[in-house]
There are 2 protein chains.
Amino acid sequence: MSRRSATRREPVRTQTSGVGALLTDLYQLTMLDAYYRLGMERIGVFEFFVRRQRDTRNFMVAAGLELALDYLESLRFTPQELDWLASTQRFSDELLARLEHFRFTGNVFAMPEGTVFFASEPLLRIVAPLPEAQFVESRIINLMHHPILVASKAARCRLAAPHSMLIDFGLRRSHGAQAAIHGSRASYIAGFDATSNVEAARLFGIPISSTMAHSFVQAHDLEAQAFRNFTAYRPQDLVVLIDTYDITRGALRAAALARELRAAGGRVEAVRIDSGELALETRRVREILDRNECSDVRIFVSGDLDEHAIETLQAARAPIDAYYVGTRLSVSMDAPALDCVYTLQQYADRPSRKRSQWKESWPGPRQVYRQYDPRGRIGMDVLACADEVMEGRALLREVMVNGRRTTPSPSLKQVRRHCAEELASLPLVLRGLERGCHSPVKVSARQHDLAVQCDRRPT
Amino acid sequence: MSRRSATRREPVRTQTSGVGALLTDLYQLTMLDAYYRLGMERIGVFEFFVRRQRDTRNFMVAAGLELALDYLESLRFTPQELDWLASTQRFSDELLARLEHFRFTGNVFAMPEGTVFFASEPLLRIVAPLPEAQFVESRIINLMHHPILVASKAARCRLAAPHSMLIDFGLRRSHGAQAAIHGSRASYIAGFDATSNVEAARLFGIPISSTMAHSFVQAHDLEAQAFRNFTAYRPQDLVVLIDTYDITRGALRAAALARELRAAGGRVEAVRIDSGELALETRRVREILDRNECSDVRIFVSGDLDEHAIETLQAARAPIDAYYVGTRLSVSMDAPALDCVYTLQQYADRPSRKRSQWKESWPGPRQVYRQYDPRGRIGMDVLACADEVMEGRALLREVMVNGRRTTPSPSLKQVRRHCAEELASLPLVLRGLERGCHSPVKVSARQHDLAVQCDRRPT
C-alpha cells in the first residue's frame, strides 16, 4: 500500500470492497474493446449530475463521494473475473490483456459531501483516459445515487423538526445491505442524531439507539411483565413500546414501572408509540405520564413517518421528543430515484453535448460558483465553464490526482457539520417542504456560447 | 462443510457472505440479552408477510427466499464483531458468550420463489428457539423485500408485453450493489429475457445484452464514424443508438451501415431510441429502415419505461421489438416499499397477535391453501391455521430443518418457469395493471376463532 492510500477511511472502503469490477453494464466493456482497438485513449471528461429535480425537492445534498473515491482507488479485475469474461467469447484478447492491468489513473474534482446542490450542477468531474473514464460510469452512478437520495430526504426531515431527535430506522426495508449501511451514513450526514443499524454504528461511529419490538411484548403473557423484564436488565436506553394492545393501558403500565424504577435509582427514558393518530395519542399519553409523576419520561414516535408527517406533528405541537424515521427515508419514498447521469463533456479537448429530446446537456468541463446574499444565504449559483473565473465560491474541488486522493478524507463529523452549515445557508424560499418558485441556477454566457458552437459542428 | 451445505447454490450465497451479523437493529441484541437472562428460549414462530397491498398492485411475486436461506445457514458472529459489541459496554457477558456460538438451528416453511401471493399471506414461517427466531428479523426483511418489489414490478411488465423482449437495465440507479445484483435476478425470475448487468450474468447465468452509450457517439467527430467503429469490432449484439443528435439522420446512418455490413456478411441487429415520443419515433424509424432495405433491423427502446409506458406503446402498436427497463423497475418507482413485516405468531405453544391500530395481525402459525377454478386459474386463497386441513394446494412448504436446507435449491430456470406458470394462473381481473376489485383471500373460521380467543386473554 502506498503512503497515500493510508488516508482512506477504512470504514467506507470496507463496504465497497466485496463487490467486483464486473458490477457494470455490458456496454462499458463493449465500448472499451472498441476504444482500445481504435486507439481512442486520449483524455475524456465526464460529469455526474442530476438532470431534473423531482417536483418534491427544492434542493439536494451531495453524498456518496467517499464511496466513489474508494471504488476508483481499488478498481481491479481479478483473474477469476477475467477468466469468466474470456469464457463468454464476447471480448478480444487485447481487451482482456488490457483489463488485467486496468487501473483508474485519472483526476477527480468534486463537491464535498454534505454540500447543497441543484439540478444541472456537476457534483463530480472525472478526467481520465477515455476507456477509464467511460468504464466507471455504471458503478459511480450506483454508488452515489442512493446516498444523495437519503441525505436529501433526511435534510428535509431535519428542516421540518430543527430541535427534535431524529433516529434512522430504515435498515429493514432498505433495498439490500449496501443501501441499509450507506443510508444510515447519509442520514447522519444530513442531521439525523442516531441510527438503529448496528453495522453502520460500527463502521462509521454513528450514535446508536434502541427500543423494543412488539414481539417482545407478545412473547410474554402480560404486557406489564414484558416491560419489567425488558428494563430489569437494561441499564440504558429504556424505551418502552406501549401500543401492542391498548395505548392507554400501556402508558399507565409504563408510568407505574417508571415510578418503581425511580425508587430504585433507575429510569424509563421514554415510551414509544408506533400506531394510531399520533398527534392525538401523544397528547393523551403526555397527560397520563404527567398525571402519574412521569414528566421526565419522554415520548418517541414511529410508523410510516416522513418529513410531511413530522411537519404536521410539529405544527400541531404534539408533545413528541424523538422521531424514528424508517422506510420512507431509506427508500426515499416520494422520489425513489433521481434523474442522475454521467455524461461525456469533452474528449481530446473537443467539448460535446448530446441533444436527445428532453435530455440535452451542457458541453465541456464545468464549475459551479455559488454567490451569497449579505446574510450569508445562497443567492445564485452560476454554472460556468471550468476555466472561467467568476465571483463566488467554486464548489468543485480537486480530490484525486492520478488515481489517488490528494488529501485525507474529512471525518464524518466534519461532513455533518459542513452539511448543517449548508442547510443554514438555504434561503427561506428553498427551505420549505413544498417546491419553491425557481431554481437559483444561472448559466454563464460562455457556457451558452459553447453550446451554440457545439451545435454548429457537423455530426 | 456438511454434505447438506453442498446443495446451496454458490452464486446466491456469494452476495450475502460479505455482510456481517451486525447488519441488524440494535433492539434485536437488546431483546436477546433479556431473553437469554430470562431463560425465554422456547420455540417461537414468526411469519413474514405483506400487511397491505399497494394500491397499484393486484398481486405480488415471491422472491428472495434463497438469500434468506443462505443467510440463515451462514449466520455467525466473528471475533471482531464480538469485540466491537463488548467495546460498546451495552451488553452482558452472558450475551456475548452466547453470541460466540450463535447459530440458526430452526425450521423454515416458505412459498417457493416465483409464487404469486397476496397481502396477509405468509411467505415464510420461521420456527426456532425465540432468540434465534427474533434475531434474524431485520436482515430477513431486508433480504426479501427488494427482490419481491422487483419481481412483482417485472411481472407487470411481462403481462403488459407478453411477446416482446424485456431487458433489465436497472443497475445504475438501483440502491447500491446488492439491489443491482438481486434486482436483475428477480426480474429474470418474473419473465425478463436478459440483463445488462455483467455481475448478475456471471453469478446467475442470466443472458446478457448490450448496446452503446451516447458518450460513444459523442467521443467521435461524426456519428456515422462512431457507428462504423462500434460495429467494426463487434461480432454480435450490434445495437446502434440513433438519438444522440437527430433520430432521422441517425436512422439513415444506421441503415446505410446495415446494408454495408450485410454485403460483407455482417448484420446490425437493432437500433435503439432512448428519447422523444417513442410511439411516433419508432413508427418513423420503422418506415425509414423498411424503405432502406433494412426490414431485418429491429427497434429497441429505452428511457424511463415501466409497465404503463409499455402497455401504452403496445396498445398503440408501436413497432418495438425490445424494451430496456431500468430505473422504474429496479427501484419499483410507484411502490418503492412494501408494508412487509415479520411478526411473532406464537411463543411456547401460545398463539398471539398484536392489536395496534391499523396493524392488527392474525395469530398462530398459518398456511395458505390455493383453490383453482376449472380453467386452472386462481379462484380463492384460504388463510388457515397451519394445522387445518383444507381443500387446495398448500403454498408453504418445509425448506429447512435444524438450520439446514432439506432439498437442493431449484435452478434459476426452474424458478422462472414456475413463475410463468403462476402468472398464467392469474384470473383476468388480477392480470391488468389497474387495481382489480377485490383480494381473493379469505380467512378460515378457525383462524377467526383463534383471534377472538387471543383477544379474550388478559394482557
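How many salt bridges does a search of the whole structure find over all chains? The search finds 82, a salt bridge being a side-chain nitrogen of Lys or Arg within 4 Å of a carboxyl oxygen of Asp or Glu.

This is a predicted model, in which local features need pLDDT of at least 70 and side-chain atom pairs count only at pLDDT 80 or more, while totals for chains, interfaces and linings use all residues. Residues are numbered from 1 along each chain as its sequence is written, chains are lettered from A and ligands numbered from 1 in the order in which they are written, and side-chain values use heavy atoms, with hydrogens and water left out.

**First stop: a salt bridge within chain A**

Select A:Asp334 and A:Lys153, which form a salt bridge with their closest N and O atoms 2.6 Å apart. A:Asp334 lies in the loop between α15 (327–330) and β12 (340–347) of chain A and A:Lys153 in helix α7 (residues 137–160) of chain A, so the pair ties together parts that are 181 residues apart in sequence. Helices (H or I, at least four residues) and strands (E, at least two) are DSSP runs, numbered from the N terminus.

**Second stop: strand β6 of chain A**

Next, select β6 (residues 165–168) of chain A, which four bridges join in parallel to β11 (residues 322–325) of chain A. Two strands pair if DSSP finds at least two bridges between them. The bridge partner of A:Leu166 in β11(A) is A:Tyr323. Two bridges also join β6(A) to β7 (residues 194–195) of chain A, again in parallel; here A:Asp168 stands opposite A:Thr195.

Turn to chain B and display the open sheet of six strands, whose order is β7-β6-β11-β10-β9-β8 with parallel pairing. Its edge strands, β7 (194–195) and β8 (239–241) of chain B, each pair on one side only. Within this chain, β9 (residues 270–273) runs parallel to β10 (residues 298–301), and four bridges join them. To see one facing pair, select B:Ile273 and B:Val301, which stand opposite each other.

Another open sheet of chain B has four strands in the order β16-β14-β15-β19, with mixed pairing. Its edges are β16 (393–394) and β19 (441–443) of chain B, each pairing on one side only. Strand β14 (residues 366–372) of chain B is antiparallel to β16(B), with two bridges between them; B:Arg370 stands opposite B:Arg393.

**Fourth stop: the interface**

Show both chains and select the contact residues (heavy atoms within 4.5 Å): 108 come from chain B and 108 from chain A. The area buried between the chains is about 9600 Å², of which carbon and sulfur atoms give 55%; buried area is the accessible area (1.4 Å probe) that two parts lose on being put together, summed over both. B:Arg172, B:His175 and B:Thr459 supply 9% of the area that chain B buries against chain A, more than any other three residues.

Eight salt bridges cross this interface. One of them joins the side chains of A:Asp25 and B:Arg172 (3.1 Å, N to O). On the side of chain B that touches chain A, helix α2 (residues 26–38) of chain B gives the largest share, 11 residues.

**Last stop: the relation between the copies**

The same surface serves both copies, as 100% of the contact residues of chain B recur in chain A.
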